[in-house]
Amino acid sequence: MSKELPRHARIVIVGGGVVGSSIAYQLTKAGVSDVVLLERGTVTCGTSWHAAGLIMQLRGGHTSTEIASYNARFYRELEADTGMETGFKQNGTLAIARDNDRFHEMKRRASLAKSFDIETHILGPKETKDIYPAIDETQIVGGQIITKDGQLNPVDTVNALISGAKKRGTKVFEETPVEGLERQPTGEYQIETPNGAITCEKLVLACGLWTRDLAAKLGVRVPLFACEHMYVVTEPMDFINPGLPVLRDPEGYTYMKEDAGKLLVGSFEPRGKALPVENLPGDQRFIEMQEDWDHFALPYFKAMELVPDLADVGINKFMNGPESFTPDDLPCLGEAPGLPNCFIAAGLNSEGFEISPGITRALARWIIEGEPDMDLVDYDVARFHPFQVNQNYLRARAPESLGGIYDMPWPFKDHETARPARKSHLHDRLAARGACFGETAGWERPMWFAPKGVEPKNEYSFFRPNWYEHTARECRAARETVVLMDISSFGKTLVQGRDACACLNWMCVSEMDVPVGKLVYTHMLNSKGGIEVDVTIDRLTEDQFMIYSSAGVHYRDIHWMQKHIREDQHVTVTELTAAYSVLNLQGPKSRDLLQALSGADLSNDAFPFLTAQEIEIGYAQVRAKRMTFVGELGWELQIPSEFVQDVYDLFIQAGEAFGLVEAGYHTLEHLRCERAYREYGLDLAPDDTPFEAGLGFIVKMDKSGGFMGREALLPQKGQTLQKRMVNFKLKDPKPALFHDELIRMNGEIVGYLSSGAHAFNLGSAVGMGYVKHPDGVTAEMINSAEFEIEIACERFAAEASLKPFFDPTSARVKM
């Protein structure tokens, strides 16, 4: 290791585990040689040393699989590059299904694998036992073998990464704990250590579960909390051989791998044991917690069910070490909000060796180029809301996050812990009327309404969950009469100041210098023309704009805007979500009901589509915005939160005469898919352009002054594109669509669905997704081709269209 700490480096990485060493390796491989890595102890001494070292390529979605699937290729390349052994062997992963739901989920993953040429096979019980003779096949309905998965030695792998990074110039300093962090007036960062101070242009915090506290020194929120992660190593067993695949039993909460003739049995039990950092030993290196057989008994019992020989073998080692988890089981990655050139890479949720090759390669490119070159929205550390670093919240959620690694990934599955955190002013009224709540960014949101005699409780399914019939009723009411939704959780941000208009006009692809009261749906782009922000903006006054965004990406949107306000611009950004509640009134009778309560003239001439006005309802001054995300005549009503309860009561009382039905977020999702409205994070991402998304009509290429990302869009304007959003409708009314199902054109895979839902008003499932073709995607090609959607390895014929299947001319929204 290096001896004398330099006074300056281009990049300093804090953390010598698998993530920090991988970042150093990726940066130097990309040509950045002036890199310093600081480790408070010795490399791997935090949590990397006790990892199981499992390598799996296949995940639950296309974006996450794109990240993870790089691992198998990378570890082979690492050995060739450094000449050092990592212990990596591709003995495969054998996943077990104990019931039909898990077997169906495996088949969905097997379909997804075809997009990446990942070799996998679905197996019956006998075939599964042939591969792993020690299992009791009566416990399972099937299995899945992923042949090129495998395992490695964690310590050897980190040493290889360190060696490769050092070979290209990285200086590594062990026994160098960080005692202080400070951002200098120059924009550089100063790191204080017992061995001296070092400044750097760019700082990377990759310290595992200790990242939260270290980042807090700079005012950065990184919501991590530790849990105890346990595994045992048995005595030698006769059936074990070096080629035995890793056994993965999600319903049994366990994984098993060969370990020098023994069997390592680890668990992701339904609820882990939270472990506050302050409860860790004083010397926080190579930590081993006490054995806890009371906690480990359930998964080990399940392991003995599946592999009966475990009942007769001794235990050689019980390992209990800390691992950190995030509130949503996704990593914390990217540039820290408000701190240019400070990057976070932590919270890998006990899957560091599986996904670190992919995420560190992506982060290295982000560090070098100044922005990501792929869709990392789900991993972006900027996604978190301020409250999510609350220790009580994290302590309650972390045990569920640990269990979530193996929990069934049901469509629309909600977290059960750390709730309720945030409630709208209407929560109790909605609960009394049968609302079943979900959770997004801490907000309790009504998902569906149970009629009298029905318990508002979710029963999840890959086919027809228990809320379908009730959501169908809500969807029909939206098309036939009128529905009312509480959408108060949508983000509201006030941008104001003398330069607000000019600032937003540069950020947005649409013309923002519009009349007061005009609503503008628009995007903000990166330098490659990809969509970073998807919002609706209401011009309140000459120098005030209210910006509306989805709850899940609200704070990411705020950070994006703040980052791109120039220092010489007089612009302020204020978060106002809780100050205003929003009632969403939609349907053919929405005008009649709203007019009865407000007395306002709501005719097309007096109140055109995509405009906003102040109206009175009860004693409240309401900002009424004529807009829709369901494809109907309707208004979103922004109400000061202290008035919303009375306004809501008035709607309930008056609504009966108009056939008013209360509706939840499932209805919003089904209807927006029916009308083919795009949703950010699903259908829109930083690697999609507005033209590819079929939203080129919002782009004003010739507006004065241009906009961010305009140059990247010039080659697409008016051209035939090789990637376009296409809408699909299944011909068979029975199958369900959600997302990530394969799109086949004339038998060949050409994309996957980004969104899908049953269209109750069309009679079958609909979906949308990007179709890619080297000759260009045109209406003629779409109309002349045969399309199928592949669901869990089964193909279903589908209609395809560049236009929505429901109300393609938007006549209903302009009634």
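The model is a predicted one.

**Pocket lining**

- Helix H14 (residues 554–563) contributes the most to the lining of the second largest pocket, supplying 5 residues.
- By residue class, the lining of the second largest pocket consists of 9 nonpolar, 6 charged and 5 polar residues.

**Nonpolar cores**

- In soluble globular proteins, nonpolar side chains tend to be buried together.
- The largest nonpolar core contains 46 residues, and Ile13, Ile23, Leu27 and Leu363 have the most contacts inside it.
- At least two residues of this core come from each of strand E1 (8–14), H1, strand E2 (35–38), H2, H3, H6, strand E19 (342–346) and H9.
- H9 is the element that gives the most to this core, with 8 residues.
- A second, separate core has 38 residues, including Leu38, Val178, Leu339 and Ala346.
- Leucine 27, one of the residues with the most contacts inside the largest core, touches Ile11, Ile13, Val32, Val35, Ala364, Ile367 and Ile368 when residues up to four places away in sequence are not counted.

**Helix H3**

- Helix H3 covers residues 70–82, and its end C-alpha atoms lie 18 Å apart. This agrees with the 18 Å that its 13 residues should span, because the expectation is 1.5 Å a residue.
- The buried residues in H3 are Tyr70, Asn71, Ala72, Phe74, Tyr75, Leu78, Glu79 and Thr82.
- The packing partners of these buried H3 residues are helix H1 (18–29), strand E3 (54–55), helix H2 (62–68), helix H6 (154–167) and helix H9 (352–369).

**Valine 381**

- Valine 381 sits in the loop between H9 and helix H10 (391–404).
- The relative accessible area of valine 381 is 2%, so this residue counts as buried, the cut-off being under 20%.
- Leaving aside neighbours within four places in sequence, valine 381 is in contact with Arg221, Cys332, Leu333, Gly334, Glu335, Ala336, Pro337 and Ile344.
- Phenylalanine 343 is 38 residues from valine 381 in sequence, while their C-alpha atoms are 9.1 Å apart in space.

Methods. Residues numbered from 1 in each chain as written. Predicted model: local features only at pLDDT ≥ 70, side-chain atom pairs only at ≥ 80, totals over all residues. Heavy atoms only, no water. Helix = DSSP H or I, 4+ residues; strand = E, 2+ residues; numbered from the N terminus. Expected span 1.5 Å × (residues − 1). Buried < 20%, exposed > 50% of the residue type's maximum accessible area, 1.4 Å probe, protein only. Contact = heavy atoms within 4.5 Å. Nonpolar A, V, L, I, M, F, W, Y, C, P; charged D, E, K, R; others polar. Core = buried A, V, L, I, M, F, W, Y, C linked by side-chain atoms within 4.5 Å.
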